[in-house]
Amino acid sequence: MSADVSIEEVERVAELANLDLEADEKPRMQRDLNAILGYVAQLSELDTKGIEPMAQVSDLLDSIQDAGHGAELRTDALRPSLDRTAVMSQAPDTDGTFFKTPKVIER
Amino acid sequence: MTETTSTEPLVEKPATIAALRAGIASGTTKATALAEHYYARIEAHNPLLNVYLSLTKERALQQAERVDALAAKGDPLPPLAGIPLGIKDVLVTRGAPATAGSAILKGYEPPYDATSVARLQAAGAVLLGKINCDEFAMGSSNENSAYGPVRNPVDTDRVPGGSSGGSAAAVAANLAVATLGTDTGGSIRQPASFCGVVGVLPTYGRVSRYGLIAFASSLDRVGPFAGNVRDAAEILGVIAGHDASDATSSRLPVGDYVAESDKDVKGLKIGIPQEYFGEGLDPEVRAAVETGIDALRAAGCEIKPISLKHTSYAIPTYYLVATAEASANLARFDGVRYGYRSPRATNLASMYKLSREEAFGPEVKRRILLGTYALSAGYYDAYYKKAQQVRRLLAEEFLTAFAGVDAIVTPTAPTAAFKLGEKTDDPLAMYLADIYTVTASLAGICGVTVPCGATSSGLPVGMQVLATHFGEGTAFRVARAVETAQA
């Protein structure tokens, strides 16, 4: 765990995150990521060998009490969904039935 | 600075829910008149404080009229009949804007109500409007909103705390009797401390997250702000409980939190973790919290020093877990189905990238980048998996502590409210404002912030009362004892 993020890494991560950073944002993000990751590096002081990662509070609760977290799934039954007109009224571009986007496949 | 248009005091304690309900039931108060009174206060003070982003006056007055009609017939009133409330703008409300404090959702009007909002409405509450917050609930000062910062009503040159700063400020300035906020790493408890009101972090799973615009799904919680502990307990009782629309919502029965809050605290064991009273804690904050601890001792509590030795690892753990989840949750803002779409886009990929680049603010981008980095190939084990392992250590440490004490008491924040702009250029310094709150967030336990005094310059100080999973009743009981001792 070492913090030394290069500009190229900032660009790579921005690409993965679908962000098109402006030129002047990149050095600022590089500075901030290095500061935060440098601080985060203190976690390497802790020996966590053999400790099960905890992704959800229910990972912990289910072993100590019957909290019923996600224990039962909903019945798989038909039920009304959101009103299409209301949903489409909020879309940036629509033909009233579908969301419209720029072409996905270009020739 | 914009001046307020009113000569009325900015800080004003709301009337209690019980008093307002009794007035409405007896006919001495009309719900419609009460709503109009609150809209008048909002009109007078909102230009300065910037608390409300939008008002839902038509919906509010229709609800108030229904309540007045019930009262006129002498019918039984639901628990929050006619009580004017405000909603943090990360919770969706049918037919009213929901921006999450972001430009990417400007103008978006969701087609459904969040479960917590629907439950308040069903309990007769009058929903006044939507309240300003840090963008996607990311921040500790409410300075990251695309719609401008909220000012602290106690001192308008200072921040109200974040990210639910608007919800805390609304109660402190009596622009609502109570409000809903959300807490991911301290976003209810810290602003409650900065504004001198009561704020509640319910146990993870106690309140449905359905209709909450997600920041970090394993941490996000919906909870109330109020002017006193009983009112906060009452609101939590209304919004808590199982919801089939949220797979993490608990089926455990909801307690009678108001009755719990009224119970005597004599004989309760209160743990004081030494790690929360060390370097970095402002001496005036320490003194106020110690006054609160003395009040609990005088009320018959047994005060026990305890140790939570992994506390210093909570901030790095939190920022890895939260940003990793945020990077995934915020992928849905891509300009396809709702929200902003860049007019410069020429193809699908540029539509995603330009829409997100143009409409997300700097703190949101910073967290998306950090989270994406921590999840990316080659770094996953070193950062994200490591953070999840430390999360378990922190959570188990609380479980061990709660085997010996009924509640744990700490400062809520290391300082009182800081000045606007004071920390905006240093994200790491800003993150440290959450140093006493993030551990409970990671562990999933519950907590209440209750005012316990003030600094010499009159800034409020809050005490954090933590209880184990689903121990809200105990947290309210201890908080009420601290509140009563100051009355």
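## A tour of pockets and salt bridges

Start with the second largest pocket, which holds about 280 Å³ of space. Select B:Glu275, B:Glu279, B:Ser312, B:Ile435 and B:Tyr436, the closest to its centre of the 14 residues that line it. By class, this lining has seven nonpolar, five polar and two charged residues. Here a pocket is an open set of points on a 1 Å grid over the protein atoms alone, where a 1.4 Å probe fits, with protein on both sides within 12 Å along at least five of seven lines; lining residues have an atom within 4 Å of a point.

Before you move on, note that this is a predicted model: local features need pLDDT of at least 70 and side-chain atom pairs count only at pLDDT 80 or more, while totals for chains, interfaces and linings use all residues. Residues are numbered from 1 along each chain as its sequence is written, chains are lettered from A and ligands numbered from 1 in the order in which they are written, and side-chain values use heavy atoms, with hydrogens and water left out.

Next, go to the largest pocket, with a volume of about 770 Å³. Of its 28 lining residues, A:Leu82, B:Tyr112, B:Tyr210, B:Gly211 and B:Leu212 are the closest to its centre. The lining divides into 16 nonpolar, five polar and seven charged residues.

Now for the charged pairs. A salt bridge is a side-chain nitrogen of Lys or Arg within 4 Å of a carboxyl oxygen of Asp or Glu, and the structure holds 28 of them over all chains. Select B:Lys353 and A:Glu15, whose side chains meet at 2.8 Å, N to O. This pair crosses from helix 11 (residues 348-359) of chain B to helix 1 (residues 7-16) of chain A. B:Lys353 is buried at 16% relative accessible area, whereas A:Glu15 is partly exposed at 47% (buried means under 20%, exposed over 50%, partly exposed in between, with a 1.4 Å probe and protein chains only).

Then pick B:Arg366 and A:Asp32, a salt bridge at 2.8 Å, N to O. The pair runs from helix 12 (residues 362-375) of chain B to helix 2 (residues 25-40) of chain A. B:Arg366 is buried at 12%, and A:Asp32 is buried at 4%.

Last stop: B:Ser249, in the loop between helix 7 (229-239) and helix 8 (257-261) of chain B. B:Ser249 is buried, at 1% relative accessible area. A polar atom of its side chain lies 2.8 Å from the backbone nitrogen of B:Asp243.

How values were computed
Helix = DSSP H or I, 4+ residues; strand = E, 2+ residues; numbered from the N terminus. Polar contact = N/O pair within 3.5 Å; in protein donor to acceptor, adjacent residues only side chain to side chain. Points joined across faces, edges and corners; volume = space filled by probe spheres on them. Nonpolar A, V, L, I, M, F, W, Y, C, P; charged D, E, K, R; others polar.
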